[in-house]
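Biologist: Please take one part of this model and go through it closely. I would like the strand pairing first, and then whatever surrounds it.

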Amino acid sequence: MREVLKLFKGDIYHTPEFGKHEIIENGYIAVKNGQVLGVYKEVPKEHNMAELIDHSGKLIIPGFIDTHFHAPQFTNRGLGLDKELLPWLETYTFPEEAKYENIKYAKKAYEKVITELWRQGTTRSVLFGTIHREATELLMEMLDKSGLGAMVGKVNMDRNAPEFYHETTQESLNETRKWLENTKDRYERVKPIITPRFVPTCTPELLSGLGAMAKEFNVKIQSHLSENKGEIAWVSELEPTAKHYADVYNTHGLFGDQPTIQAHCIWNTKEELELMKEKKIMVAHSPHSNNNLSSGIAPIRKLVDMGIPVGLASDISGGHDVSIAKAIVSASQVAKLRWVYLDDSNKPLSTSEWFYIATKGGGQFFGDNIGSFEKGNEFDALIIDDSNIADINPRDVMERVERYIYVGDDRNIVERYVSGNKLDKPNFN
């Protein structure tokens, strides 16, 4: 059924390009069939008969994109963050993820995950599931029902995993194939993504099989890269013939042979960075997690200047906060510390630059029509009522957006849209 033309009126802010924003105060966004027709200061004659959705006085911004989120770890937020990555995985993560063999437990937990994504205005996300195919398929079904967009991965791990949470190589490959067959074309906005956890928990045989399947099914790839010094040393011991960490993925067809996103990327060598640029690897920048697990400060300005694409991520539950607005704050703060203490040649990013990374930057992993209000893009949007955080001084739209990011929260988001559809609070009953 064809949708009527709608005009969304409000104070519009988006970032069509890195470092450049467009602001139209009291402007209009024309939307039809879920796609943006244009952004205007005045209503064009051809749109005079459109249905008006009047949000005068409120901000209209693109929905946030979370490029790295472990859905089953949501229940673990805020636990064990006095540990580094590897002991944290053994103590908290693997025991929690093992519970998702129980589909009733999975449903109960994933209801909370999806509701929180909706609440925080994360309209699209790239999610890790668990090794369990049925629970991963359930997560995808529930996301589709919510109306949110997502890529979801069945996790693979066949070595260095506890006995209670482990697959054999063949089990992992067989279940992954069945999962891809079941879900590849099932949903419009929820898609499967190949997900080797990381090199230490995946044998070369498993990695090769996953690389071949990514190509066969034409699906994207996600994993972790160079998050922690102990992890990198472990990879060197496990794969002594590899040139570096990234070379392991590259050898097995898991590094840009299909569109690939790698989380963290804090300690990459010069050779790895050149390979990432060549293979167009997107970095999922996870500042909360990098801080909490003592991993380090990723060189985002350097990555951007090299032309390596970057998205922003909560990395639940290495990260503790689902809000991508708050990830912007954390990313900005640690970039300033890196500039002051480690590398004054790479200046911190501006608020507009971080906003781009949190919206259109990460959105590019979903396609070239996500994350801004340019003509032809999907209308993924948040309506922000910032009246309760206003002060006694007049503020322009840029100042209001910045203030919402720093001192606002989910209570300021009054409506959420994905592909032009207004999303109510998810109901799974």
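Modeller: β1 (6–17) and β4 (51–62) run parallel and are joined by 6 bridges; strands here are DSSP runs of E of at least two residues, helices are runs of H or I of at least four, and both are numbered from the N terminus. Two strands count as paired if DSSP finds at least two bridges between them. Within this pair, Asp11 has Leu59 of β4 as its bridge partner. This is a predicted model, in which local features need pLDDT of at least 70 and side-chain atom pairs pLDDT 80 or more, while totals for chains, interfaces and linings use all residues. Residues are numbered from 1 along each chain as its sequence is written, and side-chain values use heavy atoms, with hydrogens and water left out.

β1 is also joined to β2, by 9 bridges, and these two strands run antiparallel. Phe8 stands opposite Ile29 in β2. The hairpin of β1 and β2 has 2 residues between the strands, and Gly19 takes a positive phi near 85° there. Of the 12 residues of β1, 11 are buried, that is, under 20% relative accessible area with a 1.4 Å probe and protein chains only (exposed is over 50%, partly exposed in between).

These strands belong to an open sheet of 7 strands with mixed pairing, in the order β3-β2-β1-β4-β15-β16-β17. At the β17 end, β16 (residues 413–418) pairs with β17 in the antiparallel sense over 2 bridges, and Tyr417 has Lys422 of β17 as its bridge partner.

Helix α12 packs on the sheet and touches β1, β2 (20–32) and β4, with its direction at about 110° to that of β1. Contact means heavy atoms within 4.5 Å; axes are lines fitted to C-alpha atoms, for helices over the stretch in contact, and angles run from 0 to 180 degrees between N-to-C directions. Helix α13 (residues 397–407) lies across β1, β2, β4, β15 (381–384) and β16, at about 65° to β4.

Asp343 lies in the loop between α11 (324–341) and α12 (351–363). Asp343 is buried but has no salt bridge, the nearest side chain of opposite charge being Arg338 at 4.6 Å. A salt bridge requires a side-chain nitrogen of Lys or Arg within 4 Å of a carboxyl oxygen of Asp or Glu; Lys and Arg count as positive, Asp and Glu as negative, and His and the chain ends are not counted.
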